[in-house]
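Okay, thanks for coming, everyone. Let me put the structure up, and then I'll walk you through a few spots in it.

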Amino acid sequence: MGQSETRVRFAPSPTGNLHVGGARTALFNYLYASNTGGKLILRVEDTDQARSTPESEAAVLQDLEWIGIKWDEGPDVGGQYGPYRQSERKDLYMKYVNKLVDDGLVYPCFCTDEELAEMKADAERKSLPPVYRGKWAHADQKEVDEMLAQGKPHCYRFRVPSNKIITITDSIRGKVSWNTDSLGDFVVMRSNGLPVYNFCVAVDDATMKISHVIRAEEHLPNTLRQVLIYRALGWKQPQFSHVSLILAPDKSKLSKRHGATSLGEFRQQGYLPQAMLNYLTLLGWNDGSEQEVFTLQQLQEKFSLERVTKSGAVFDKTKLSWMNGQHLRALPDAELAPQLAEVWQHSGLLQKQDSPFVQLAVAVLKPSLELLADADRDLRHILSYPLMDTLQHEAATAVLQDDFKQIVDTALAAYNSGELKSALESGPDGYKTWLKGVGKEQKRKGKHLFMPMRVALTGSQHGPEVGEVLRLLLLENGDIKDSSACVSLPQRMQQLHEWQSRQTAS
């Protein structure tokens, strides 16, 4: 590896679903590597044996692939600096613990849990920092050797230098400093022989030649321990960049109590991967322009750490849905159609995946659709005919008072004569041409023409282009599995005729 090569890493813990915060961290690393011609390393931090599972690891990798992230090295693809699971690197960790012991920078600590608890309580009583003050940092070597010979349980602690100022220059936060007296000697290896998180991370980042560590700001306090380990082992520390947290609308940290927070949940709700990628990247980054909708290629070309903001970004699901609609409408119909057809088949509405009906349904719904999952609700709406409910609503009063019966008479006459069907079959503009003729004949225009005819033919005051809805009904040819969900054009005309008869009788 050349000195100038960028190597970044994303290191998830396979203990649950991938949170959107973790997904954004992965994205920032991926985009930075792409922009600088570097490599993204995927490392699985599975030292929490009680909670880490292969199933969770597989789910995290699947989510990353779904959103469009590609890594150059990892547990599934291998690489020069593997293995890429921490559980498979224990011998490496032990090697460096032993080196630090030999150098006098790490020492065995035989304090019991009871002694440590009393030490902590004493510090609280005296309002002192909760740091280690046990005797083993300066114990006589003979006593240490005797304890080791007796097989007494012990951990290993790092010998922290006293009263030293440790400073890093963070790409996002600038200079950050700590006094080592705030830390105390910390554990690097537990009594059960397992290394602790901060030691593993420092060893892994160094031995995997990581040049830039881009991670959430909640890891900033860990940096002091890791820098001390780098220095003790003579390693060059990476360039740190700590990204602000993703916040809920109430400005608290985004959590499950605010609703969906995992990438998998948003996937199940019908969000597109390109929309999630776009939206998550904008949570804490912008290119300095007013542009909001980006393709992956555009983000790879524009992303830089200099444009990452310090302040927390609020997760706005309404904005995400809007952005999803933008990306959805940018899809070619041929690419969108199979996805919507799958939604309709899964719900039991349709039984065909490809037909003229499906193709037109996609074109009709696409302009207003925000989520794939909404396609079932929206198609069922335009296939229904809630005429009576609409006319009984207060909002329809103006329609009824605008000589709605005249429009109904015209619609029925046009249907009975075949004129309406011929207009619809003549093409996309056939309905508009026919309606324009009705307007001239009845001296109606604008909402006095469009709204009453919409209500008469669709049963609703809102929805897609009326002509397209009616053309869709004519195309139905065994596509609909749930027959109760569709009110055909003849059935609509029958209900309209019944309404007309009641008006005449009254």
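Let's start with Y96, which is buried, at a relative accessible area of 13%. Buried here means under 20% relative accessible area, exposed is over 50%, and partly exposed is in between, with a 1.4 Å probe and protein chains only.

Quick word on where this comes from: it's a predicted model, so local features need pLDDT of at least 70, side-chain atom pairs count only at pLDDT 80 or more, and totals for chains, interfaces and linings use all residues. Residues are numbered from 1 along each chain as its sequence is written, and side-chain values use heavy atoms, with hydrogens and water left out.

So, aromatic rings. A pair of aromatic rings is described by the distance of the centres and the angle of the planes. Rings of Phe, Tyr and Trp (the six-membered ring for Trp) pair if their centres lie within 6.5 Å; planes under 30 degrees apart are stacked, over 60 edge-to-face, and the rest tilted. The structure has eleven aromatic pairs. One of them is Y96 with W235, edge-to-face, 5.0 Å centre to centre and 70 degrees between the planes. That pair links distant parts of the chain: Y96 sits in helix α3 (residues 90-102) and W235 in the loop between α7 (222-232) and β9 (239-243), 139 residues apart. Helices and strands, by the way, are DSSP runs numbered from the N terminus: H or I, at least four residues, for helices, and E, at least two, for strands.

Now F404 and W499. Their ring centres are 5.2 Å apart and the planes are at 70 degrees, so this pair is edge-to-face. It also links distant parts of the chain, with F404 in helix α17 and W499 in helix α22, 95 residues apart. Both F404 and W499 are buried. There's a ring cluster too, made of F28, W285, F294 and F303.

How do α17 and α22 pack? Helix α17 (residues 404-417) and helix α22 (residues 489-505) are at an angle of about 135 degrees, with axes 10 Å apart. The axes are lines fitted to C-alpha atoms, for helices over the stretch in contact, and angles run from 0 to 180 degrees between N-to-C directions. That makes α17 oblique to α22; under 35 degrees would be roughly parallel, over 145 roughly antiparallel, 65 to 115 roughly perpendicular, and the rest is oblique. On the α17 side, the contact (heavy atoms within 4.5 Å) includes F404, V408, L412 and Y415. From α22, M493, L496 and W499 are among the residues that make the contact.

On to the backbone. Most residues other than glycine have a negative phi, and most peptide bonds are trans. Here, though, G82 and P83 are joined by a cis peptide bond, omega about 0 degrees, and P83 is in the loop between α2 (54-67) and α3. N163 isn't a glycine, yet has a positive phi of about 50 degrees. You'll find N163 in the loop between β4 (155-158) and β5 (165-170), and N163 is exposed, at 53% relative accessible area. K209 isn't a glycine either, and has a positive phi of about 60 degrees. Look for K209 in the loop between α6 (197-207) and β8 (212-216); at 40% relative accessibility, K209 is partly exposed.
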